[in-house]
Every structure is written in C-alpha cells, then in structure tokens.
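Visitor: Please take a close look at the part where the two chains meet, and then go on to whatever else can be said about each chain. I would like the cut-offs stated along the way.

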Amino acid sequence: MSNTILEMRSITKTFPGVKALSDVNLDVREGEIHAICGENGAGKSTLMKVLSGVYPHGTYEGQIFYKGEEQQFRSIRDSEHKGIVIIHQELALVPLLSIAENIFLGNEQASNGVIDWDETRDGARKLLSMVGLSEDPDTLVTNIGVGKQQLVEIAKALSKQVQLLILDEPTASLSEKDSQALLDLLMEFRKQGITSIIISHKLNEISRIADRVTVIRDGRTIETMENEEITEDRIITSMVGRSLDDRYPNREPKIGETILEVKNWSVYHPQHRDRQVIKNVDITLRKGEVVGIAGLMGSGRTEFAMSLFGKSWGQKITGEVFMHGKKIDTGTVGRAIRHGIAYATEDRKTFGLNLIDHIKNNTTIANLPGVSRWGVIDDLAELDVANDYRKKTNIRSSSVYQTVGNLSGGNQQKVVLSKWLYANPDVLILDEPTRGIDVGAKYEIYTIINQLAAQGKAILVISSEMPELLGITDRLYVMNEGRIVGEMPTSEASQEKIMRSIVRAEGKAS
Amino acid sequence: MTVQTAPTGVPADQTKTQELSFFGAVRANMRDYGLLLALILIMVFFQYFTAGVLFKPVNLTNIILQNSYIIVMALGMLLVIVAGHIDLSVGSVSGFVGALAAMLMVGWRFPPELAFLANPIVAGIICLIVGAAIGAAQGYLIAYHRIPSFIVTLAGMLIFKGLSLAILAGKSVGPFPAEFQLLSAGFIPDVIGPTTLVAASEGVQPLILHTTTMVIAIVAVVATVFFAIRTRARRKARGYDVEPFSLFVVKNLVIAALVLFFAYMLASYRGLPNVLVVMGILIAFFVFLTKRMTFGRRIYALGGNLKAAALSGIKTERTTFYIFAIMGALAALAGMIYAARLNSATPKAGQGLELDVIAAVFIGGASALGGVGAVAGAVIGAFIMGVMNNGMSIMGVNIDWQQMIKGVVLLAAVFFDLYNKNRSA
C-alpha cells in the first residue's frame, strides 16, 4: 500500500502573463484515494492537465514519475496508454450516442474498422455492472441523469484498463444519493487496487473517503495531510491561508413587510404535457429576509424559479404573483425584471453569461436602459457602472474589459451577481449561488447576500448544500416533488428536520 | 477552467492606471489595425503590378462603384452573422428587387391613375419596403418558428431567383430613367465650383479639383478628430485608461491622411459618387448602431449566448426578426444600386453575390459562431475582395485564377484570425 505510484516533482506551468503552477509537488501512493483541494484558480485542474498530457511534455517544467519511470506524455492518448484516465468536470459524453457507443468511443470493439456490436454490448454490460449501473447499453446517454452519466464515464475509464483514475469535481452536479453511490464505488475500487485522485470542493466527502489530502493554493503545494490529520477545518485553513472561524458571516436580520407573494403556482413539463412538475406552490418573501428552498435534486426548485421568472420553463403555468400587494404579470423575462424580480441561474455558463464578451457588457445587459437614452448607450456612464459593481462584488480581474470566459468560477458568479444587482430588483432569486466556487469566494457571496438583505431586498436562495442554507437564511421552505412540504424558521431547522419533512412527504405520496 | 488571469492578491481597484505603452497598445489593437494594414498592402501590391493603374482617380472611383452593393449588404450581413445566423438569400433578393424596380419604372404599363408608381422615387421606396417585407417574412420564420436561418434563406434564394426570372419573363429590362441611374452613375454637384490647380495648356494635363468634395472631406476629418479628442479627454477626466498620446496622434494623422488622399483622388476625377454618400451615411450609422445603441448591444449578447440573453430580458425573437428585416431592406437597396449601375435588370442579376457578402464579413473577423464581428472589419473585408477583383482584372488574370486566389485569401484571413486568437488565449 505504501508504494508510490505517481510522483510529480517541481511542476511549474506558465501561461502568458500568469504562473498557474509554481514548483508543485505531489506524490500518490498505490491504491489510495488522494484528494486535491484548493480554491478555484489555485491550479488543481491545471496540474491534472499536466499529468494527463493535455499540456504536453515540454510546455511545463518539472518531472513526472509514474511507477518508478519518468514519463513524458505528449497527449492524452499517451497517458491513457499507461492507465491514467481523467474524468473532467464537464462530462465528455456524446448525448445522442448510446451508453455502449460512448464507453467504447475511440476504442471501438472492431476488427478492420467494422464494429462488432455484440462484443460492444457485452463489454458495456460487463463494465456497467462493475460500476453498479443497471441500464440497457443501447439507451442514449441523453436519456439518463447526470449521476448515471458520471458512472458511464467511469465505466469508460475502466474499459481503458485504468490504474490511476482522476476525477475532477465528480459530485459537483450530483444529488446526495448519487454522490454517495459514487463515493462508495471509489472505495470499492480502492479495495481492487485502483488508485484515485479526486478533486473536490465538498470537504465533508473528502474527509470521509480520502486517505491523504494535498492542498494547493495560488499554484503552490501547501501541505499533504495524512489520514488521521484530515479535518474540514484544517483543509479550509490551508486552502484560504487563514482560518475561517465561521464559514458564514453574521446575520442580524431586520425583516419588514411582505414584498412578494406567490399563490397556487402550478407548472407542467415542457415536453410531457400531462406531467405536473410544480404543484400548487405558495410562498411569501418579506423585506430584508433571506429565505431558502431546500430539497433534493429534481425536487422542482429550479423549475419553480424559472417558471416564475418570465415563464422561462414549462407550460400551462397557472397561479398568481403579488408584488407589494399588487397582482403582477411575470409572463416575460422583461416584465418580471420591470416588476423587480431577478433570477440568477444555477448554470452560469449556459444561462447566465456571454462568455465571449467582457465584464462590462455582461454587467449592464439586463438593465441597458439604465445607461442609455433613446436607445443610445452612454459609454462612459456604462464604464462607471461596470467599475462600480466590479468593486462592490470584488471581482478579481485586470479590468472590466476582461473576457468573462477567462475568469474563475467564483469571479464569474460575481459577474452574474453584478448583472442582477445593477438591474436593482426588490426580489432576488439565487439558484445555487455558490456551486463550484471556492470557500473564500463563497464567503464573499454570503456577505453580498447579507448586504442586499440589509438594504431591504428579499432574497430567495435555492441550494443543495444544507449547511449553507442553515448558515445564511432566516426561513426555509422544503420542497419535494414539486410541492412545498415544510416551512420553518432557520433557527429551528436542522439537516435532520429538513430530511424528515422530505421523507414524511414521500411517505404520504406513496 | 481554473486559470485565473489575475493573481488572487491583486486588489480589484486598479482601473485607474497610467497610459499604456505605445507598442503595448499597438499590439493590443493589432487585430483591428492588421486588417487595415492588409488592405493597404494589397493596394500597394496591385499599384505596383498594375503599373500605377490602381490608384488612378478613375479607377478608385470605379472600385467604389463596383463594390458599393457588396458593402451595403455586408452591413446587414454583419448583424445577421453576429446574431449567429446566415442569410443566403440576399443575392437573389437583390436581383429580384432590381427586377421589380425595372418593371415598375419601365416594364409595366400603368393606367394613368397609377402612373405615379413608375416615378423613380416612389418605385425606390416601394422596392425598399418590399425588400424589408421579404426580410421580415424570412425573419419571422427564423425567429418565431425556429427554423434554421440556413434553410429559410436557402429556400428564399431559390424562390427569389425564380421570381426574378418570372417577372422579367427571362429578358433584360432597361434602360432606367436618368434620375434612377444617378444612384450609381451620378456624382454630387460641385456647388462651390471647381478649383483649378493646373490650368490646361499645351502638353500639360489640366488638374481641376471638385471643391465640394474636398470641403466635405475636410469637414469630416475635422469633425472626426474633434470627437476623438473630446472622447479621449472625457475618458481621461474620469480616470480611465486611454491609449498613449503618441499612438493617438499617429492613428488620427494616418486616418486623416488616408481620407484626404482618397478625397483628393476622387476630387481630381468627378468628385464624390452619390452612392459613396449613401454608403458613407449607412456605414456611419451601422458603426453607431453596433457600438453605441442598445439594439446593437443586444445583437452581440444574443449571438454570444442566446439563452443567457433571453434570461436577461432581451426579446431575442423580436431582435432576430428586426435583423432580418434590416437585411432585406439593405438587399433591396443593393439590388437597386446594382440595377442602376448596369442600367438594366437582368434575370441573372445578384446571383452569387451572397457569397461575396458573406466572405467580406468573415474576412472582416466575424465569427461563424456568432457574437463577434465589427462593421469596420466587414467594410474593409469587402474592399479587400473588391481591390483584388479590380487589380487582378487589370492585370489580366483569368477569371478561374481569380476565383481560386479569392478562395485562398478568405481561408488565409480566417486562419490567421483563429491562429492569433488561440495564441492569445
């Protein structure tokens, strides 16, 4: 168990203008689960790209030893040939091909270029059973959930005789249950002698499964912790370089009158006309209040928010919305914004930002009338606004002319926030506002949320991380299968209590 | 995903920096200057290989007349491509509208009470409206019914090719009334009166300048420089980065010199062509629209990320619809310019023009994925194609070779663009 399988020595990788990695050392022992932690932008993914040959030998300094030999990988093919397989955060599956086709993509079970379909299906079935997935290999990947897609990726890795499996944020978009299954699988692999490197922000998972943890900060190795030393607090301290006494800023809520009231909200699935996804939801938000919606993945929280925000999801939407006691129409996004509602999406790359444009244009796009007259933009006023919000949300960039696609996740999220803050809503709906961003940036975002509440806005936070909801909200709704199944002041709430209301509702439904 | 371009320790408040260095600023804007530089190099190249014919006043005037309809359509095509669409129908639509103009003015015999329809101005307005309506119809299908623009406009291309043939009954129709010909063949009147620099005498070519043209050019240059100085001062007063003063001066001097040089060339022939005035106004308007108007900004936003734009409250369907309507109107104008230039409408008019227009926009640096592109680039791209056509024709290069060379230039331009982008990313 104590043989070193991989050693990366003094890895330095420079991009034009930035030193992404400087003198990073990593050693991984055979058969262990080794976690790599660090804030977004710390260099974890870059390190893994160096390892897997995405950045070929010669584009970085330092040495890689694998199984005692120095390696000079020129491409992913080289590293895969040696049994090193990386599974990226964004899954690399082709949605309209079947599971079996995806597993053997680039590695087809074929002779002379003719695919042997029986072999392909059998092989796929065998690999699927190894990862505990009971799906027909002919099912299209697009028809299975993210959790199962993740398992298909792992099956694909197994098909390549993997010996060192690298997972970049594997559970970021998985539900609690799917994450659990995935982590169990990794522990099963450990028994079989497969070494895993896992990059994750979810410290509770890491402290549960990792044998050792290496922390990277600002492109440098900070420390490697052994099994017994691993605690969430220690990891956080290493990651941010300071100890965060409290992961959530203090809140002193000043709650006023009701701002938003949604009554009897019902929505049907956009493709399946008869499937009711949101069922008679009632919620109220008050001035200065931070309200959370807890629930499992797929409980309908995002669908509820998006249907409320300009009917951006679903069909046959019914129900009433009252703003300051007056009934309003939120039928288009424009109208919802004009009535003072803003919705910051959970998927900032697909729905939140124009990644090829710069910070300034992304900041003002939801409120162009604010910087223009008669349809003509006052470019200096716009620049002032962008700089102002960049400072307010503490976006780290060289200027407001930096392309948003080049920012780290946390900074991108701050651009999304800037955009909606500038639209000056009374009600701000934040869908997974801290997904995939690091501890330091999370704290900053919580602080912004607090400030907004203090200014008298009502904030609705949708989050899958229960500690986060418990840490930052004043009141909680619990949603399950499109219904509100519980409501409680956060002071009386706990993870157990939330789970109990979900389970109770399940019991009733069946 | 995790490459941060700024180290984490940098404070966010560092916008108020000193002036950039001269070469730093040049390098930062190389993409913009590179295209203009390429155009100038190509012009110098052909000036040499055509033994000085390219820069003859009459030839420069010709280049403008020959490419005016391409540039007019390139303006609309830029919006279409930035929005992430394509319009393959513009060539056929321009041909159809040219044919319609010919039939209105000379082909159809109207009863006396409808004779006003044959009036060139009335006919011109009708043609513009018809063009906009065609664009709107295609835009409606693309925006509201989500049929891919490639398919809708491919169908449009076939339909309007057929319609031109049908209304012309397969024949050429012309000539146009003199007033209509002025659109392409006319020059602005010299209201001030000619200035004689060198009087005609024995053995000496007279050199007489079109004074009004020169005055307009000087006014335009002064106004441009004035606004540039004012913008710079206002930016500086608010503490924002400005380009270094040396670069600012050099840039404005070069542009002023170029404008005055071309104005001088035109003035020593017959002055400003009418169509250049139309083009100039349109180019200025489209630069303003894309850079300063909310409508333009929204086009870039929806081309960059349609879903994010929709969730930011942009009416993506309506914007797309307008873009195609504008494209249709511009295609109509181009069709009239083309017809007026040939002084007849032919069933083949406009065929294949869409490809020249699209090529101009891509040479100008627009992205086929949408969200990226500039009016100035598209105009320069059109001139690059136009100067090459003109230069190679003068040199007597065969049409087969011309086609191949243009293809290679298009490919090379886009290749270098992507190469530069990848290197800087």
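Guide: The contact between the chains draws 52 residues from chain A and 33 residues from chain B, two residues being in contact if their C-beta atoms, placed from the backbone, lie within 7 Å. The model is a predicted one, in which local features need pLDDT of at least 70, side-chain atom pairs count only at pLDDT 80 or more, and totals for chains, interfaces and linings use all residues. Residues are numbered from 1 along each chain as its sequence is written, while chains are lettered from A and ligands numbered from 1 in the order in which they are written.

On the side of chain A that touches chain B, at least two residues each are supplied by β2 (18-29), α1 (44-52), α10 (333-338), α11 (348-352), β20 (376-377), α13 (379-392) and α14 (409-422) of chain A. Helices (H or I, at least four residues) and strands (E, at least two) are DSSP runs, numbered from the N terminus. The largest share of this side, 7 residues, comes from α13(A). By class, the side of chain A that touches chain B has 18 nonpolar, 25 polar and 9 charged residues. Here Ala, Val, Leu, Ile, Met, Phe, Trp, Tyr, Cys and Pro count as nonpolar, Asp, Glu, Lys and Arg as charged, and the others, Gly among them, as polar.

Within chain A there are domain 1 (4-240), domain 2 (246-340 + 425-510) and domain 3 (349-424), with bounds from an automatic or database domain assignment. The C-alpha centres of domains 1 and 2 of chain A are 34 Å apart. Between these two domains, 10 residues of domain 1 of chain A are in contact with 10 residues of domain 2 of chain A. Helix α8 (residues 232-240) of chain A gives the most to the domain 1 side, with 3 residues. That side has 4 nonpolar, 3 polar and 3 charged residues.

In chain A, Asn280(A) is not a glycine, yet has a positive phi of about 45 degrees. Asn280(A) is found in strand β14 (residues 276-286) of chain A. Asn280(A) counts as partly exposed because it has 14 C-beta neighbours inside 10 Å; a residue is buried if 20 or more other C-beta atoms lie within 10 Å of its own, exposed if 12 or fewer, and partly exposed in between, with C-beta atoms placed from the backbone.

In chain B, helix α11 (residues 294-304) is mostly covered, with 10 of its 11 residues buried. Among them are Arg297(B), Arg298(B) and Tyr300(B).
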